[in-house]
Amino acid sequence: MITGTRTGIGKALAEHLLDVGHVVVGCSRRPATIEHPRYRHHEADLADVGQLKAVFRSVRQEYGKLDALVNNAGTSSMNHFMTTPDEVSRRIFDINFFAVLNCCREAVKLLRKSTEKSSAILNVSTVAVPWAIEGQLSYSASKSAVEQLVRVMSKELSVFGIRVNGIGLPPVHTVLTRTVPRPKIDTLIARQAIPRQCTTADIIGPVEFLIGGQSEFITGETLFLGGVH
Ligand SMILES: NC(=O)c1ccc[n+]([C@@H]2O[C@H](COP(=O)([O-])OP(=O)(O)OC[C@H]3O[C@@H](n4cnc5c(N)ncnc54)[C@H](OP(=O)(O)O)[C@@H]3O)[C@@H](O)[C@H]2O)c1
């Protein structure tokens, strides 16, 4: 299951996993942009707990288990904190942190039923956390909370054979970043040890590794791409 599959990174991941033979459940607020016999889309606002629970109820009824959950759906707002309205910060936390927490809670019941060697949760973070980028206070704080969730949850879920990791991304060209001025993106890319823009193709391999059996001894880690430290 991948959240936020209508556009961007989530869509590219879903399409790849379908290509290599997996059954993929996706969701977003708006209708699906993927048509595939092994793809099932749910329209839901994950910030609404009732809608979120309904998605997992349907997954349980249809499949009875999950092998992996990728918490990809997210939002951002770039502004000086002095001019960021309270409701904007709360909405960011609702989607980027509370929806992730609630998806994990619902998914655990299905991940425990997985017949794979170990089932996995993967959360998406950002360079805005280690680089403490100005203008992204609420966004980076919500993703910092997700990175802490990774560390704590990895311990709390190991007893169930569920691993919890994160993937930290530098700028990728998607709907989320299309309004960020190009010079700002270029400045961030220049800080990477590998100074070129990350693409969805760069993300697919690490995601497959972190949700698959080859990483069965890795949990509680957030892996950053592009060399950001
Ligand atoms: N792009 C980057 O440079 C970058 C860098 C670091 C980290 N990230 C992270 O990567 C993840 C994916 O971002 P992206 O760049 O691919 O952005 P995107 O193209 O805007 O995709 C976000 C997806 O999440 C869905 N979504 C948003 N709010 C939702 C909600 N409340 N309920 C359900 N679905 C929701 C959107 O569909 P609907 O609009 O239909 O709901 C869309 O499918 C995010 O967590 C983001 O923080 C991105």
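Begin the tour by selecting Cys 198, which is buried at a relative accessible area of 6%, where buried means under 20% relative accessible area with a 1.4 Å probe and protein chains only. This is a predicted model, in which local features need pLDDT of at least 70 and side-chain atom pairs count only at pLDDT 80 or more, while totals for chains, interfaces and linings use all residues. Residues are numbered from 1 along each chain as its sequence is written, and side-chain values use heavy atoms, with hydrogens and water left out.

Select Cys 103 next, which also counts as buried, at 1% relative accessibility. The structure holds zero disulfides, a disulfide being a pair of cysteine sulfur atoms within 2.5 Å. Cys 103 is accordingly in no disulfide, and the nearest cysteine sulfur, belonging to Cys 27, is 6.4 Å away.

Now move to the ligand and display the 30 residues that surround it, of which the closest are Arg 6, Arg 29, Tyr 139, Val 172 and Thr 174; the criterion is a heavy atom within 4 Å. Zoom in on the polar contacts, pairs of N or O atoms within 3.5 Å. A polar side-chain atom of Thr 174 is 2.5 Å from an oxygen atom of the ligand, a polar backbone atom of Val 172 lies 2.7 Å from a ligand oxygen, and a side-chain N or O atom of Tyr 139 is 2.7 Å from an oxygen atom of the ligand. Of the 880 Å² of accessible area that the ligand has on its own, the protein covers 96%.

Finally, colour strand 5 (119-126), which gives three residues, the largest share of the shell around the ligand.

Methods:
Buried means under 20% relative accessible area, exposed over 50%, partly exposed in between (1.4 Å probe, protein chains only). A polar contact is a pair of N or O atoms within 3.5 Å; within protein, one must be able to donate a hydrogen and the other to accept it, and residues adjacent in sequence count only if both atoms are side-chain atoms. Accessible areas come from the Shrake-Rupley method with a 1.4 Å probe; for residues, only the protein chains shown count as cover. Helices (H or I, at least four residues) and strands (E, at least two) are DSSP runs, numbered from the N terminus.
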